[in-house]
Amino acid sequence: MDIVNLSIPEIPSGHGLSFKKGVADGLLDCRDHEATPHKTHLASYERGLLIGAELKREIAKLVKT
């Protein structure tokens, strides 16, 4: 089994949900949750979006065609 290594930035206390919504949107290549985080949590959402997109790319490398 292959392992995907990602560097995840420190998530400020109380920003976990915004970060996870960003990861989900990054994985699914959408922005369905972009408007839901409070404006003070938008940076955490954006970091999650980048991590989700990176995770999607790494998984795609491992998928057999």
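Visitor: Why does Ile 59 count as partly exposed?

Guide: In this predicted model, the class of a residue follows from its relative accessible area, where buried means under 20% and exposed means over 50%, with partly exposed in between. Ile 59 has a relative accessibility of 40%, and therefore it counts as partly exposed.

Visitor: Where is Ile 59 placed, and which residues make a nonpolar surface patch with Ile 59?

Guide: Ile 59 has its place in helix H2, which covers residues 42–62. Together with Leu 27, Leu 28 and Val 63, Ile 59 makes a nonpolar surface patch of about 360 Å².

Visitor: Which residues of H2 are buried, and what do they pack against?

Guide: Ser 44, Tyr 45, Gly 48, Leu 49, Ile 51 and Gly 52 are the buried residues of H2, and the buried residues of this helix pack against helix H1, residues 16–28.

Visitor: Is Leu 55 buried or partly exposed, and which residues is Leu 55 in contact with once its neighbours within four places in sequence are left aside?

Guide: Leu 55, also found in helix H2, counts as partly exposed because its relative accessibility is 21%, and the cut-off for buried is under 20%. With the neighbours within four places in sequence left aside, Leu 55 is in contact with Val 4, Leu 6 and Leu 27. As for His 15, which lies 40 residues from Leu 55 along the chain, the C-alpha atoms of the two are separated by 20 Å.

How values were computed. Residues numbered from 1 in each chain as written. Predicted model: local features only at pLDDT ≥ 70, side-chain atom pairs only at ≥ 80, totals over all residues. Heavy atoms only, no water. Patch = residues over 30% accessible without salt bridge, like charges linked within 9 Å, V, L, I, M, F, W, Y side chains within 5 Å. Areas by Shrake-Rupley, 256 points an atom, 1.4 Å probe, with all protein chains shown as cover. Salt bridge = Lys/Arg side-chain N within 4 Å of Asp/Glu carboxyl O. Helix = DSSP H or I, 4+ residues; strand = E, 2+ residues; numbered from the N terminus. Buried < 20%, exposed > 50% of the residue type's maximum accessible area, 1.4 Å probe, protein only. Contact = heavy atoms within 4.5 Å.
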